[in-house]
Amino acid sequence: MADSKEQRTLDYVLQNAVRGDPQSVLDFIDKFSENEWAMHVGNVKGPIVEKVVTETDPSTCLELGTYCGYSAIRISRLLKPGTRFLTIESCPANAAIAQQMIDFAGMQDKVKILQGSSQEIIPRLKADHQVETLDFVFIDHWSECYTPDTKLLEECGLLRKGSVLLADNVVYPGAPDFLEYVRTSGRYDCTNFPTHLQYSKKEDALEKAVYRG
Ligand SMILES: O=c1[nH]cnc2c(O)c(F)c(-c3ccc(F)cc3)c(-c3ccc(F)cc3)c12
Ligand SMILES: [Mg+2]
């Protein structure tokens with residue numbers, strides 16, 4: 001079967017990065033993506049994500065949109081022992097690539113990939129994955145799903161006072177209904193982080209929304 005950009009990225013990492021070294025894996029994914037653009041959160045937005053994670057000091061994290069595992073590796077390497085990083089990926093092929101990337105980076109004990117639809121998996125997090133509430137949620141799957149999934153997290157009792165949502169791409173491609181919801185619902189305290197699209201000069205932004213409980 002013709003290989004995909006994601007498979008080529010994984011092969012490049014396996015051939016060049018240092019096994020068990022998350023930074024090395026991130027560096028080689030970034031290096032590969034300079035030649036073949038890909039939607040990893042990247043090395044410009046990455047530090048903003050890391051700053052929010054470090055400030056939050058989360059115990060239970062959820063990511064919507066694993067892709068190849070880049071942000072899962074970037075975030076999970078910061079988490080203290082005993083914490084958990086659950087990440088939902090709808091595409092089976094991407095989930096398989098991500099699992100290999102995460103394993104190679106040595107993050108497999110912290111990161112659990114849940115392959116399927118976020119709308120189906122989110123309501124099962126408490127029963128199937130022993131989640132009580134989420135401390136940090138990185139939203140980076142599909143802008144049309146940002147708002148329905150945020151509302152679902154609320155409805156399923158997965159957010160508590162102080163839960164932090166951080167959404168990618170709120171400027172490019174954009175998530176206008178999500179911004180409208182978190183900024184006007186009265187349920188969140190929002191902060192916008194202007195930045196640039198990964199591996200590009202185009203403008204983008206991350207939005208942080210802290211649940212008021
Ligand atoms: O879909 C995504 N999920 C998560 N993060 C993404 C991200 O960080 C991106 F930068 C892009 C992006 C933006 C601009 C562009 F030109 C290409 C891709 C996408 C995206 C948007 C529309 C699509 F049809 C395909 C991919 C995503
Ligand atoms: Mg993104």
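**Exercise 1. Find which residues surround ligand 1, and sort them by class.**

Solution. Start with the list. Trp 37, Met 39, Asp 140, His 141, Trp 142, Asp 168, Asn 169, Tyr 172, Pro 173, Leu 197 and Gln 198 surround ligand 1. A residue is near a molecule if one of its heavy atoms lies within 4 Å of it. This is a predicted model: local features need pLDDT of at least 70, side-chain atom pairs need pLDDT 80 or more, and totals for chains, interfaces and linings use all residues. Residues are numbered from 1 along each chain as its sequence is written, chains are lettered from A and ligands numbered from 1 in the order written, and side-chain values use heavy atoms, without hydrogens and water.

Now sort. The shell has six nonpolar, three polar and two charged residues. Ala, Val, Leu, Ile, Met, Phe, Trp, Tyr, Cys and Pro count as nonpolar, Asp, Glu, Lys and Arg as charged, and the others, Gly among them, as polar.

**Exercise 2. Find the N or O atoms that lie 2.9 Å, 2.6 Å and 2.8 Å from atoms of ligand 1.**

Solution. Look for polar contacts (pairs of N or O atoms within 3.5 Å).

- Step 1: the side chain of Asp 140 has an N or O atom 2.9 Å from a nitrogen atom of the ligand.
- Step 2: at His 141, a backbone N or O atom is 2.6 Å from a ligand nitrogen atom.
- Step 3: the side chain of Gln 198 places an N or O atom 2.8 Å from a ligand oxygen atom.

Then take the area. Ligand 1 alone exposes 510 Å², and the protein buries 68% of that. Accessible areas come from the Shrake-Rupley method with a 1.4 Å probe.

**Exercise 3. Is Thr 9 buried or exposed, and which backbone oxygen does its side chain reach?**

Solution. Thr 9 is in helix H1 (residues 5-16). Helices are DSSP runs of H or I with at least four residues, strands are runs of E with at least two, and both are numbered from the N terminus. Next, test the area. Thr 9 has a relative accessible area of 1%, so it is buried (under 20%; exposed is over 50%, partly exposed in between, with a 1.4 Å probe and protein chains only). Last, the contact. Its side chain reaches the backbone oxygen of Lys 5 at 2.7 Å.

**Exercise 4. Describe Tyr 67 by its place, phi and accessibility.**

Solution. Tyr 67 lies in the loop between strand E1 (60-64) and helix H4 (70-76). Its phi is near 55°, a positive value in a residue other than glycine. At 9% relative accessibility, Tyr 67 is buried.

Technical notes: Polar contact = N/O pair within 3.5 Å; in protein donor to acceptor, adjacent residues only side chain to side chain.
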